[in-house]
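Subject: Structure for you to look at

Dear colleague,

I am handing over the structure we spoke about, and below it you will find notes on what turned up. Please have it open while you read.

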Amino acid sequence: MSIDDDYAPDSVSTTTSLTIGPELIARLSLVQTQQIASRKSSNEVLLHNDAVLLTNRSGVAIFLRFDGNVIVWDYDGLSGDRRDPRVTEDIEQIAFGVVSGAKELQLPELRELLPKQPENASGCRQCGPERIFYNSSQDPDEWTVCPFCKGLGWTVDSIIC
Ligand SMILES: [Zn+2]
């Protein structure tokens, strides 16, 4: 008997996808419409998925699909070719995209989708609740996702090398 994805327990398929409520999906739908109308270079993904572009920096485009999956579209480090868009299960990549999108789309509630601080973690001492760093230039567009907590807002001491 073969293993069918349909028989996988829910916990398997939801470990890395985010839970998006209907109100937020309604807001994201408006953003998607605007993004498609503005002909962003990543239209291909936007047209074929119910999704919004969270961020598109340094050649990495990250999308949030309304089913809670995060899609990464980047370049192959060796060949330089565009890779096919794919669902990522890397929590750091997911947090990076979500925190960037919260800032760029001015939807701070997106950050609520990320995992809550576990009991064995402590709040990030580098960014506080902000999850982003502003560079010293005072330019409000000059910011980066906190490299210490990767945008999660917390760190677990035992995983820091
Ligand atoms: Zn931080």
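Please keep in mind throughout that this is a predicted model.

I would begin with the zinc ion, which is coordinated at 2.3 Å by the SG atoms of Cys124, Cys127, Cys146 and Cys149. The 4 donor atoms subtend angles of 107 to 112° around the zinc ion, and the arrangement is therefore tetrahedral. Along the sequence, the donor residues follow the spacing C-x2-C-x18-C-x2-C. Two of them, Cys127 in the loop between strand S5 (122–123) and S6 and Cys146 in the loop between S7 and S8, link distant parts of the chain, being 19 residues apart. Both Cys127 and Cys146 are buried.

Turning to the aromatic rings, the structure holds 1 aromatic pair. Phe133 and Phe148 form this pair, which is tilted, with 6.0 Å from centre to centre and 55° between the planes. Because Phe133 belongs to strand S6 (residues 132–134) while Phe148 sits in the loop between strand S7 (143–145) and strand S8 (154–155), the pair ties together parts that are 15 residues apart in sequence. Phe133 is partly exposed, at a relative accessible area of 25%, and Phe148 also counts as partly exposed, at 46% relative accessibility.

Finally, there are two places where an arginine meets a tryptophan ring: Arg57 lies over the face of Trp143, 4.1 Å from the ring centre, and Arg82 has its charged end over the ring of Trp73, at 4.2 Å from the centre.

Technical notes. Residues are numbered from 1 along each chain as its sequence is written. This is a predicted model: local features need pLDDT of at least 70, side-chain atom pairs count only at pLDDT 80 or more; totals for chains, interfaces and linings use all residues. Side-chain values use heavy atoms; hydrogens and water are left out. Rings of Phe, Tyr and Trp (its six-membered ring) pair if their centres lie within 6.5 Å; planes under 30 degrees apart count as stacked, over 60 as edge-to-face and the rest as tilted. Helices (H or I, at least four residues) and strands (E, at least two) are DSSP runs, numbered from the N terminus. Buried means under 20% relative accessible area, exposed over 50%, partly exposed in between (1.4 Å probe, protein chains only). A charge sits over a ring if NZ of Lys or CZ of Arg is within 6 Å of the ring centre and within 35 degrees of the ring normal. Donors are N, O and S atoms within 2.8 Å of the metal (3.2 Å for Na, K and Ca); water is not among the atoms, so sites may look incomplete. Four donors count as tetrahedral if all angles lie between 85 and 135 degrees; four count as square planar and six as octahedral if opposite donors are over 155 degrees apart and all others between 65 and 115; anything else is irregular.
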